[in-house]
Amino acid sequence: MKKIKLLIIDDEVEFAATLCQRLKLRGIDASDVHSGGEGLAVLTEESPEIVILDLKMPDMSGLDVLAEIKTYDPSIEVIMLTGHGSAGSGIEAMEKGALDYIMKPIDLKELLEKIELADEKRSKA
Amino acid sequence: MKKRSGWLAKILPPPSDNIVSGADLDKGYKSFRRGLAIILIVLVLVPLAIISIVSHYQYEQLLEQEELDQLILNLEQAQTTVEAFVSKLQSVIKFVARDDRYQELLDPKELEALFVRLQDEYPGFVDIEVIDSQGMQKAYFGPYQLEERNYTDQTWYKQVLLQGVYISNVFSGFRDVPHFVIAVSRKHPQEQGNWILRVTIDAKTLQDFVDTTSTSYADDMFLIDVNRTLQTQPQKYGTLGGRCILHDTEDSTKKSFLKSLAKRDTMVQRAPGMVIIQKSFEKHRVNHATADLENTPWRLVLIKEQYLHADTWVLFKIRLITIFLTCAIIAVFVIVEISLAITNHLRESDKKREQFLIEAEQPNKLVSIGRLAAGVAHEINNPLAIINQKTGLVQDFMEMSEDFAHKGAMAEALDGIQDSVERCKKITHRLLGFARQAEVKTEEIDINAIVRDVVDFLAKEASYNQIRIDFDLDQDLSKIFSDRGQLQQIFLNITNNAIDAIGSDGKITLSSRQVDEESIQVKISDDGPGMSLEIQQRIFDPFFTTKETGKGTGLGLSIVYGLIKKLGGTIKVESEIGEGTTFDITLPVTKSEQEEGT
């Protein structure tokens, strides 16, 4: 089975790095960047299949980054990370093309399920 | 509220000033009530007392004046009467002693006949004598042997020659019976000079007359001479020949009535010799009135006990005091009741205002605390996510590594960290949920069905704790337009709290009813331990919890409160310690427009 190529965009360095490391341990080709701009910049270079995107970042909003990604390549599946207890912003992101959302602190099992879902969706497409 | 001026605030401090605790508040109301009562009592009793005192003195003065007027009138009348009597005696003797009768009267038989005629009319006449111009007694008729006396050197003889008429003081003399003399001088028919007719009259005549007159005018009435020697026997105030016993007593009022008499000129002019003095005698106060009797050597004395301190006055005083005391007692009673009522009213309205303030404050408190909570939760959420990931990573490595010392214990510790993170996550998510402004999704809802759903959800937990859940649902309840999820959360939170409150072995009743066309009501009652008033006032505050540390976030009921407000409803709690608690939720049938905007 080919490795899933995944990009984590989150300004919380420690969180992104650790999550990245854990996903790598589970056989996912994950990398992490720590701002929206950086994320968009590495899109061509990394060409990820799945992006895990924080909703709230200092340089630009997760929703804007999402829109850019979707413009660049609509086939990239995006899973939103949200700190809010509300489902509202997650749902909004989904309306804008995100596959799903997951609330911080994340349950890794749940995230893996969603990644799998995203991968399945891509392979079907 | 306008600040009251200093003096009033001092007497009547507002009950809610300087309040630290409930006990102080109670004391505040008590002193307010006392202050109010005192002010009102002073306000009522002072004028009442002033009126009473003024009318007391006015009446006293009136009585005094009236008494004085009466006394003056009596004195004048008595004076006139006695004067008339003495003048009549004089006239009779003057008439008898006509100039031409001198010779006739020298005849003892004629004299006797005359005397007998006189005595018929005036039995008090004792004897009669005729004296010639030389002062020698020429004829005598009477019970004594008094013939052939010479009066030339006697004072009265000189006076009668000078004045024509002479009236003596009362004296006993050699007759040994009190008597007085009236002598009349007439021109001698043959010789130069005057002859004199002298009649001795028993003092009893005067006495009887004065006594008869006295009864109608005064307590005592008598005559005195220029030396203040008593001329008639007083009934009480002295003995004949002595002095009036009041003579030596001090005037109790220096102010004699002359002063007031002087104001009324007519009186003074009519009775120039009139003197009225107040004296004290044997604890009585008496008015001592004197007036000169014209053409006599005497003064008339009238003594009248003051009736100011007698029955009329005492009666008036008793009546006045009774009226005053009755009014005072009624006033005090009414005032005390009124101040009590006012204070209670004040206390009630203060309480209502306070409650209103608490209620009005609640949504604001929720909003600001909600914002703070959301901020804190959001800030904590990120490090929490890192802890969660780092721990997860360590756990990943542990799973991949071989057995090493204490691996089991470490794994357990890491699980402990993940559990705590999970707990924190719940709290932060709840806080964030508390602050979120989720849109209300309105749909047609059967409240009874939602209530049953919620109970189904909790049925297992309730039955574990031997808690029975009863329904009292109105089957004709109209459907309402509201948010299903939020309603579920509301009922779930309250029912869950009820289960926690009961602990085990109890009953929860959920009831619904139609209030009116506009609203419905859901009541959730438990028979748990109930809550004190202090707790009731705080249950909707965020983070207020009575549960053990770690078991409750203190957010459940504040979320409920916020949700119900958002749905346009109200929530009230009634609780009695030992009786249980009832949450009373009223919801609008259709969501009000005002609420839709929020």
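These legends go with a few close-up views of a predicted model. Local features need pLDDT of at least 70 and side-chain atom pairs count only at pLDDT 80 or more, while totals for chains, interfaces and linings use all residues. Residues are numbered from 1 along each chain as its sequence is written, and chains are lettered from A.

**View 1. Where chain B touches chain A.** Here 19 residues of chain B are in contact (C-beta atoms, placed from the backbone, within 7 Å) with 18 residues of chain A. On the chain B side, α9 (311-400) and α10 (407-435) each give two or more residues; helices are DSSP runs of H or I, at least four residues, strands are E runs of at least two, and both are numbered from the N terminus. The largest share, twelve residues, is from α9(B).

**View 2. The five-stranded open sheet of chain B.** Strand order is β2-β1-β5-β4-β3, with antiparallel pairing (strands pair if DSSP finds at least two bridges between them). β2 (137-141) and β3 (165-167) sit at the edges with a single partner strand each, so one side of each has no neighbour in the sheet.

**View 3. Zooming in on β1 and β5 of chain B.** Strand β1 (125-131) and strand β5 (194-202) run antiparallel to each other, joined over six bridges. Look for Ile128(B): its bridge partner in β5(B) is Val199(B).

**View 4. Helix α5 of chain B on the sheet.** Helix α5 (155-163) packs here, touching β3, β4 (179-187) and β5 of chain B. Its direction makes about 140 degrees with that of β3(B) (axes are lines fitted to C-alpha atoms, for helices over the stretch in contact, and angles run from 0 to 180 degrees between N-to-C directions).

Notes: Contact = placed C-beta atoms within 7 Å.
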